[in-house]
Amino acid sequence: MEEFYKLSIKEKLKGLTESTFSSLELTESYLQRIKKVDKKINSFITVLEDKAIESARESDKRYKEGSALPLDGIPIAHKDIFCTEGVLTTCGSKMLSNFVSPYSSTVVENFSANGSVVLGKTNMDEFAMGSSNETSYFGAVNNPWRGNYVPGGSSGGSAACVSAGLAAGATATDTGGSIRQPAALCGLTGIKPTYGRVSRYGMIAFASSLDQGGVLTKSAEDAAYMLKAMSGHDPKDSTSLNVDVPDFVEEITEDIKGLKIGLPKQFFSMDLPDYVEKSINESIKTFEKLGVQVEDVDLPHIDLSLPIYYVIAPAECSANLSRYDGVKFGYRCEDPKDLDDLYMRTREEGFGAEVKRRILIGTYALSAGYYDAYYLKAQKCRRLVADDFSNAFKSVDFILSPTAPDTAFP
Amino acid sequence: MTLKNKDLEQIAYLARININKKSFPSLKKELESILELVAKMDSVNTESVVPMSHPLDISQPLRKDEVTEKDDRKNLQKNAPLKKAGLFMVPKVIDEDA
């Protein structure tokens, strides 16, 4: 069947269970489509053809034996930020362009424990820093809906590959919008789950107090399947939440009548383009038809979020990325004359411009004499923003806002 | 907020990133524009606000002090750019005369 990619995850699972098609057929059709289409999109850094076919065969065996797993045989892709044992894991950087991970992240392990077939590792902004997928060492990613337009970032490869039908769903990460914004720009559903819901063990760190793994899929239902597979407490991650994971697939069809949605007035008083305003108003109407109440909420400190982000994310990135020193793994400069030269040239040559800018800003913000004015101030301001949200959630169940101020850009 | 060349050199050294002097003017501009944006935070009084270092209000779990990892040196050193006898090699850091 040529058009497997149009089926939802639920439909795929049904077809596999009823032996209408096999995981091998499904997987091969995706691999063929990647060969045909991805030259134009560049959404994959690594395609794992042999491994994918091998795991598809194992899935088919389990279906035959009646021991199928929850996502058995479903072909997915992982953002190249998730360490995968024995597989190149680059984080979109020259610094890790030769790094074959000696272990797998918990997210990768969880998907294989659920029987998923991994088609490959997706392109991304270098070290997840960017919102257009143009900072990748492995080249920019094109938006499948319109070539030469960006897919968003940093999970641009994951978004583009799902949107182009090159995987049933893909993992992604979000520090300052890196799942949500590419979802909007590629017409997908993206979820940045609550911090702690998804293990970050083996997920290459950018800004640890913000980083969280999630998914990009074609629908909320697909997202529910994926999120269920990847979530859960992990003793290897001390920031992982030890709470039960709801059955998202079951809950997603529950009635939402009587729930309340808050519209932050700050987001709606922005100068939104007509087409963004029109589509957000249409979705509000849809919710109202479903019996949801809508009211305004106030987030008075929300305009501080960008300044706060530009302190906290670079500060934490400067600490996290200090591990790339040319000694233990990754890129190393030629003929260092002493230890400082080894560090300084390795990092000059191995990091791209955007990553270096953020490390420098972060280093400055954390340096002696500036810590209070920047990092501590940002942490205090962050409390004000968080309190705004807590207050809003006293009167509403959800907050609805435009995901990005505009659609994809050239 | 203006940065001097000396500041930039100091930041670059602290971050252990070699920066070509030619890119100083453009880099300075970029960093200054970020610092300008960040200065917006000064518009709010935060004197009595408790800093929020982490989104979750949880305490760190403790585990028993037991060895859980096996010795995996060979596998973990596979990616080392330069190694010898199980050690990571770096340029000499101690002077022979010293």
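**Exercise 1.** Find where A:Ser19 sits between helix H1 (9–17) and helix H2 (23–41) of chain A, and work out why A:Ser19 counts as exposed.

*Solution.* Start with the location: A:Ser19 is in the loop joining those two helices, H1 and H2 of chain A. (Helices are DSSP runs of H or I with at least four residues, strands are E runs of at least two, and numbering goes from the N terminus.) This is a predicted model, where local features need pLDDT of at least 70, side-chain atom pairs count only at pLDDT 80 or more, and totals for chains, interfaces and linings use all residues. Residues are numbered from 1 along each chain as its sequence is written, while chains are lettered from A and ligands numbered from 1 in the order in which they are written.

Next, the backbone: phi of A:Ser19 is near 55°, positive although the residue isn't glycine. Finally, A:Ser19 is exposed because it has 10 C-beta neighbours inside 10 Å. (The cut-offs: 20 or more other C-beta atoms within 10 Å is buried, 12 or fewer exposed, in between partly exposed, with C-beta atoms placed from the backbone.)

**Exercise 2.** Now do B:Ala85: is it buried or exposed?

*Solution.* Look in the loop between strand E1 (83–84) and strand E2 (87–88) of chain B. Phi of B:Ala85 is near 50°, again a positive value in a non-glycine residue. With 5 other C-beta atoms within 10 Å, B:Ala85 is exposed.

**Exercise 3.** Track down the cis peptide bond that ends at A:Ser154.

*Solution.* The bond runs from A:Gly153 to A:Ser154, with omega near 5°. A:Ser154 itself is in the loop between strand E3 (117–122) and helix H5 (156–163) of chain A.
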